[in-house]
Amino acid sequence: MNVLDVKKLNVTYDQKGIHLFKQTPVNYAVSNVSFSIEKGKTYGLVGESGSGKSTVAHSLIGLCPIASGEIVFNGQKLNRTRQDCVEINKDIQIIFQDAYGSLNPKKKVIDIISEPIVNYETKTFDQLVERVSELLEKVGMRDDVLYRYPHEFSGGERQRIAIARALALNPKLIIADEPTSSLDTSTQARILNYMKMIQQEMNISYLFISHDLSVVSYMADHIGVLYDGQLIEEQSAHQLFKSPKHDYTKTLIKSIPSID
Ligand SMILES: Nc1ncnc2c1ncn2[C@@H]1O[C@H](COP(=O)(O)OP(=O)(O)OP(=O)(O)O)[C@@H](O)[C@H]1O
């Protein structure tokens with residue numbers, strides 16, 4: 001069963017950077033992109049800077065309008081109405097590269113992580129503390145950080161807080177847009193391992209986006225290669241390395257030091 005089906009997605013911008021709705025496209029940021037993500041699996045989207053990765057991510061959560069195409073979430077076509085957005089905001093969460101930018105610097109960890117819970121559920125303060133502590137535990141953090149502010153943490157710890165917040169509403173799909181790109185290698189590995197453990201425990205699906213094929217291949221069951229707004233190749237992670245079809249994919253594979 002697929003948690004997400006993206007069908008012939010087109011996103012365009014005009015010369016001023018305004019999204020176009022069903023008008024003559026001036027500039028395709030994403031062109032005819034189709035892919036699916038199975039429940040509990042990871043789909044990796046890899047591509048160089050400007051290939052359209054973030055545009056795909058943003059269009060899925062309603063941050064950027066689509067010119068044409070279909071997004072089907074859990075078997076239901078998203079019509080992108082206000083009601084749709086309320087529903088998908090609960091089930092689809094996003095983690096950005098810049099955790100510092102996505103965490104409110106004026107709020108304590110407990111308020112940051114409990115914010116989505118408070119928006120959807122009625123809980124006492126004690127219940128919130130318990131829930132937030134549980135979420136922190138999933139990313140290897142203790143409840144002694146509850147009353148600290150984002151600037152008091154390292155980049156890796158901030159990203160773990162962002163992941164804990166993304167998990168708060170038991171989402172079905174997490175979009176991770178370059179989640180470890182600004183972190184050093186060992187911190188990156190730690191975060192990726194937490195994400196894998198969380199996936200096993202909660203049966204969450206991931207759309208894992210990165211310019212780095214080695215990171216994507218570590219995480220993903222299936223990989224799509226995005227080039228100049230088009231999905232030029234898509235295969236299981238194993239098969240992609242065994243028999244890449246496109247020259248660009250071959251170049252990406254060759255650029256990974258340990259493989260070749
Ligand atoms: N607001 C905008 N206005 C105009 N063009 C845009 C806008 N946002 C993105 N684009 C263009 O759309 C294309 C895809 O950009 P996008 O940010 O999705 O790529 P990306 O693969 O995520 O790149 P990066 O890894 O550098 O973030 C690029 O050509 C970019 O210049």
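Mentor: Let us begin with a term that we shall need: two residues are in contact if their C-beta atoms, placed from the backbone, lie within 7 Å. Please keep in mind throughout that this is a predicted model.

Trainee: Is G156 buried or exposed?

Mentor: The step we need is a cut-off, since a residue is buried if 20 or more other C-beta atoms lie within 10 Å of its own, and exposed if 12 or fewer do. G156 has 20 C-beta neighbours inside 10 Å, so it counts as buried.

Trainee: How are α6 and α7 oriented relative to each other?

Mentor: Two packed helices are described by the angle between their axes and the distance between the axes. Helix α7 covers residues 185-202, and α6 packs against it at an angle of about 15°, with the axes 10 Å apart. Because angles under 35 degrees count as roughly parallel, α6 is to α7 roughly parallel.

Trainee: Which residues of α7 meet α6, and what is the handedness of the crossing?

Mentor: On the α6 side, the residues taking part are G156, Q159, R160, I163 and L167. They meet T187, R190, I191, Y194, M195 and I198 in α7. As for the handedness, the crossing in which α6 passes α7 is right-handed.

Trainee: How are α4 and α5 oriented relative to each other?

Mentor: Helix α4 covers residues 109-120 and helix α5 covers residues 125-138, and their axes come within 10 Å and cross at roughly 105°. Because angles of 65 to 115 degrees count as roughly perpendicular, the description of α4 against α5 is roughly perpendicular. The residues that make this contact are I110, I113, S114 and I117 of α4, together with L128, V129, R131, V132 and L135 of α5.

Trainee: Which residues is I113 in contact with, once its neighbours within four places in sequence are left aside?

Mentor: I113 lies in helix α4, and with 25 C-beta neighbours inside 10 Å it counts as buried. Its C-alpha atom is 12 Å from that of Y149, a residue 36 positions away in sequence. The contacts of I113 are V132, L135, I161, A164, R165 and A168.

Trainee: Which residues have the most contacts inside the largest nonpolar core?

Mentor: This core has 66 residues, and its largest share, six residues, comes from helix α6, which covers residues 155-167. The residues with the most contacts inside the core are L173, I175 and L207.

Trainee: Is K250 buried or exposed?

Mentor: K250 is found in helix α10, which covers residues 247-254, and its C-alpha atom is 9.2 Å from that of L240, 10 residues away in sequence. There are 12 other C-beta atoms within 10 Å of K250, so this residue is exposed.

Trainee: What is phi of N32, and what is phi of N170?

Mentor: N32 lies in strand β2, residues 27-38, and counts as partly exposed because it has 14 C-beta neighbours inside 10 Å. N170 lies in the loop between α6 and β7, and is exposed because it has 10 other C-beta atoms within 10 Å. Each value is positive in a residue other than glycine: phi is near 55° for N32 and near 50° for N170.

Trainee: What is the radius of gyration of the protein as a whole?

Mentor: The protein has 10 helices and 10 strands, and its C-alpha trace spans about 55 × 45 × 40 Å along its principal axes. With 260 residues, a compact globule would have a radius of gyration near 18 Å, which agrees with the protein's value of 19 Å.

Note on methods:
Residues are numbered from 1 along each chain as its sequence is written. This is a predicted model: local features need pLDDT of at least 70, side-chain atom pairs count only at pLDDT 80 or more; totals for chains, interfaces and linings use all residues. Helices (H or I, at least four residues) and strands (E, at least two) are DSSP runs, numbered from the N terminus. The radius of gyration is taken over C-alpha atoms; the globule rule is 2.2 Å times the number of residues to the power 0.38. A nonpolar core is a set of buried Ala, Val, Leu, Ile, Met, Phe, Trp, Tyr and Cys residues joined through C-beta atoms within 7 Å. Axes are lines fitted to C-alpha atoms, for helices over the stretch in contact, and angles run from 0 to 180 degrees between N-to-C directions. Angles under 35 degrees count as roughly parallel, over 145 as roughly antiparallel, 65 to 115 as roughly perpendicular and the rest as oblique. A crossing is left-handed if the near helix is turned anticlockwise from the far one by less than a right angle, and right-handed if clockwise.
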